[in-house]
Amino acid sequence: MRLILLGPPGAGKGTQAKVLVDTYGIPQLSTGDILRSAIANKTPLGLAAKEVMDRGDLVSDEIVNGIVSERLDAEDCKPGFVLDGFPRTIPQAEALEGMLTEKGMHLNAVVEIKAEPEVLIARIVNRARESAAATGVTRADDNEEVLRNRLNVYREQTAPLVEFYRGKGLLKTVDGMAPVEDVTQAIRRAVEN
């Protein structure tokens with residue numbers, strides 16, 4: 001099972017990806033996690049990415065495409081994967097198509113998790129509060145101003161992927177405003193049909 005999860009920041013892609021990982025025994029490929037790991041390890045790529053991410057902007061396609069291509073070559077990706085946070089732009093989607101073709105792979109489905117921006121902002125602000133209360137640490141990108149910027153970036157650059165994948169017959173849309181378990185069931189129905 002090779003899947004892409006699409007949806008605005010805070011829509012629940014990470015939560016649903018973890019369920020898909022457990023259900024299908026495939027890895028979650030989250031560019032956000034890969035980049036955060038590089039930031040934590042203070043690699044040159046990580047430091048450059050941190051500056052961009054702290055503004056709520058997107059890391060360059062060249063960097064992200066390279067990271068994803070290397071990751072797709074890993075043994076655990078052979079039976080499938082869940083891409084979460086990639087592709088984010090049409091050029092990245094086209095690059096992914098080329099990578100998959102080159103590796104003899106294809107996508108099974110692209111799942112769009114639809115969600116209302118104002119509800120997402122409330123979710124993220126709440127997540128930041130809960131996280132800070134529990135750990136004393138707040139992610140730099142978990143604040144309302146950065147989130148509004150991320151939502152604008154999503155609308156301008158990532159939302160066009162919905163039509164891109166609809167045109168390829170791969171798009172499945174689920175209601176991300178439903179309870180988590182209902183979203184999970186909707187995704188499973190969508191990808192298994």
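Okay, let's start with valine 59: its relative accessibility is 9%, so it counts as buried (under 20% relative accessible area; exposed is over 50%, partly exposed in between, with a 1.4 Å probe and protein chains only). Quick note on the source: this is a predicted model, where local features need pLDDT of at least 70, side-chain atom pairs count only at pLDDT 80 or more, and totals for chains, interfaces and linings use all residues. Residues are numbered from 1 along each chain as its sequence is written, and side-chain values use heavy atoms, with hydrogens and water left out.

So where does valine 59 sit? You'll find it in the loop between helix H3 (44–54) and helix H4 (61–72); helices here are DSSP runs of H or I with at least four residues, strands are E runs of at least two, and both are numbered from the N terminus. Leaving aside neighbours within four places in sequence, valine 59 is in contact (heavy atoms within 4.5 Å) with Leu35, Ala49, Val52, Met53, Val64 and Gln92.

Now over to arginine 88, in the loop between E3 and helix H5 (90–102).
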